[in-house]
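Subject: Structure for your review

Dear colleague,

Please find below the structure that I am handing over to you.

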Amino acid sequence: MFRRQQQSNNESSGEDDESSSSTNFSPLSPPISPPRSSNNMLVKIGRFLNVSAIGVLSIVSVLLFIQLQAVSLQVASEQKQIDELKKTIEQSTSDIQVEVQEQKDLTVVNIAGTFTLLSCIVTMFHMTSHLKKMNQPFVQRKIMAILWMSPVYAITSFFSLLLPSAEGYLGIVKDFYESYVIYQFLSFLIAVLGRGERQIVVDKLAAHADRLKHPYKWLRCLFHPPPEESDEAKANAVLLECQFLAMQFVFFRPLTAIVSFVLESMRDGDAGGFSSPDFIIIMIENVSVFLAFSGLLKFYHAVQDDLAWCQPFAKFLTIKGVVFMTFWQGLIISIIFHANTDDDKSDDDDSNSGSSYSAKSIQHILICMEMLFFSAAHMCVFPAEEWEEGYQLKHGGGPTFAFDDFASDVNMIIDSGKRSRIARKERKNALDDAKQSPSFGTMDERNEKDGEISLVDSEVV
């Protein structure tokens with residue numbers, strides 16, 4: 001464009017020159033013709049160069065565009081391959097995690113099943129020993145009912161791991177047998193005290209009528225004759241009261257467990273506050289437990305001297321230890337689990353996806369393992385030989401670390417060292433006295449001193 005404008009300017013300037021030359025023409029000056037052919041040639045060359053440059057630029061742009069499209073297609077293809085490879089890796093990782101988790105679950109189930117089986121074997125062996133030595137059936141029947149506690153707890157917990165959907169139903173069975181064992185323990189104490197005769201128990205309670213508390217007034221409708229008539233009537237009322245308080249727990253505990261299970265299955269959101277049905281059920285359970293144990297302890301305190309030979313307190317600990325230990329253990333596990341869950345949610349919402357075990361699952365695993373030790377404890381506190389004729393309590397006959405014997409040996413060595421130091425001191429004093437005595441003297445005096453020294457030496461030996 002610049003060259004065309006310059007050319008037009010040149011042409012106009014040429015025309016002006018021609019006009020001026022024509023105006024200034026004089027006959028004396030010769031005519032001059034301008035170089036038009038050279039100017040046209042330069043213009044054509046400039047146009048050709050412009051067209052050539054535009055063409056080259058167009059070709060280069062087309063080539064660059066084609067190359068860019070090819071690179072884009074290659075990048076898209078490689079990105080697609082990367083995405084497919086990423087999906088494959090993620091799928092493989094998830095499959096590996098699932099397989100690892102399944103293997104871990106299988107290992108945990110195998111461990112829980114092994115302990116459950118061992119607990120059942122130990123309990124069955126213990127029951128067999130009682131069946132072989134059924135010397136007092138009215139007592140040993142109660143013992144065998146108590147011994148079923150460990151297998152029932154272990155089996156229900158094991159199947160709760162295998163079948164989480166049946167956990168509620170198995171929990172009802174567990175709660176029922178817990179309450180049933182508490183009553184059976186009271187029946188066991190009554191059978192031991194009366195040898196199967198209720199009247200003997202009443203007579204022994206009447207002998208301790210001075211330390212028997214009066215029964216609850218709201219149970220007077222059950223007492224006949226009234227407890228105020230005689231010591232025997234008071235003892236009979238107290239015994240009936242203790243049985244009733246323990247028996248109500250057998251009915252209330254499964255009932256509250258069933259209601260709790262139904263409410264939990266129907267609940268959508270939070271359990272609620274103090275006015276919620278769950279809180280009312282918990283309060284009823286606590287009142288029922290309190291009444292049951294108050295009746296049991298009332299009977300035990302009245303006849304603890306008569307039952308001291310069979311160690312009822314140790315037997316009670318092995319029974320209630322199962323309940324208390326599992327309850328407080330489950331409460332602590334639940335608190336720790338929920339605290340960790342809240343921390344994980346505050347950090348990352350996806351961090352809880354790797355937690356495959358709930359607090360209840362961990363509780364079931366621990367119960368399966370612990371019931372083996374409680375089965376062994378039941379073998380120690382409920383021996384079959386205890387119900388043989390002429391049985392006497394064996395002190396120190398069970399498994400022990402013999403710390404008392406070790407302490408006795410240590411004291412013996414210390415006392416021996418003290419006696420040795422005293423003897424050496426007396427010998428030294430005797431020698432000092434002999435040195436301070438005059439060298440002259442009769443033969444009898446020197447022999448007497450030598451005898452004293454030899455006597456000290458013999459005491460040291």
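What pattern does the protein chain follow when read along the sequence? The pattern is α-α-α-α-α-α-α-α-α-α-α-α. Please note that this is a predicted model.

Overall composition

The protein chain has twelve helices and zero strands. It comprises 461 residues, of which 30% count as buried. Among the contacts with a separation of 6 or more, 78% are accounted for by residues 24 or more positions apart.

Nonpolar cores

The largest nonpolar core holds 53 residues; Met149, Phe185, Phe188, Leu205, Phe299, Ile319 and Phe382 touch the most other members. Two or more residues of this core come from each of the helices H3 (137-147), H4 (149-162), H5 (167-194), H6 (198-207), H7 (231-266), H8 (277-303), H9 (312-347) and H10 (359-381). The helix that gives the most is H5, with twelve residues. As for Phe185, once residues up to four places away in sequence are set aside, it touches Ile146, Leu296, Pro312, Lys315, Phe316 and Ile319. Another core lies apart from the largest one and has six residues, including Val108, Ala112, Leu161 and Cys368.

Cysteines

How many disulfides does a search of the whole structure find? The search finds zero. For Cys368, the closest cysteine sulfur is that of Cys120, and the distance of 9.6 Å is too far for a bond, given that a disulfide requires sulfur atoms within 2.5 Å. Cys368 counts as buried, at 0% relative accessibility. Cys310 is buried as well, with a relative accessible area of 0%.

Salt bridges

The count comes to eleven salt bridges.

In one of them, the side chains of Glu388 and Lys133 meet at 3.8 Å, N to O.

Because Arg253 is in helix H7 and Asp175 is in helix H5, the pair ties together parts that are 78 residues apart in sequence. Arg253 is buried, with a relative accessible area of 15%, and Asp175 counts as buried at 16% relative accessibility. These two residues also belong to a network of salt bridges that links Asp175, Glu178, Arg253, Glu285 and Lys320.

Arg211 forms a salt bridge with Asp305, with the closest N and O atoms 3.7 Å apart. This pair links distant parts of the chain, 94 residues apart: Arg211 is in the loop between H6 and H7, and Asp305 is in the loop between H8 and H9. Arg211 is partly exposed, with a relative accessible area of 39%, whereas Asp305 counts as exposed at 53% relative accessibility.

Which side chain of opposite charge is nearest to Glu370? That side chain belongs to Lys174 and is 9.8 Å away. Glu370 is buried yet has no salt bridge, and the 9.8 Å may be set against the 4 Å cut-off for such a pair. Glu370 has its place in helix H10. Its side chain does make a polar contact with the side chain of Gln329, at 3.4 Å. Leaving aside neighbours within four places in sequence, Glu370 is in contact with Met325, Thr326 and Gln329.

The surroundings of Ala237

Ala237 is found in helix H7 and is buried, with a relative accessible area of 1%. With neighbours within four places in sequence left aside, Ala237 is in contact with Pro215, Phe223 and Pro227. Ala237 and Pro227 are ten residues apart in sequence, and their C-alpha atoms are 6.0 Å apart in space.

With kind regards

Conventions. Residues numbered from 1 in each chain as written. Predicted model: local features only at pLDDT ≥ 70, side-chain atom pairs only at ≥ 80, totals over all residues. Heavy atoms only, no water. Core = buried A, V, L, I, M, F, W, Y, C linked by side-chain atoms within 4.5 Å. Buried < 20%, exposed > 50% of the residue type's maximum accessible area, 1.4 Å probe, protein only. Helix = DSSP H or I, 4+ residues; strand = E, 2+ residues; numbered from the N terminus. Contact = heavy atoms within 4.5 Å. Lys, Arg positive; Asp, Glu negative; His and termini not counted. Polar contact = N/O pair within 3.5 Å; in protein donor to acceptor, adjacent residues only side chain to side chain.
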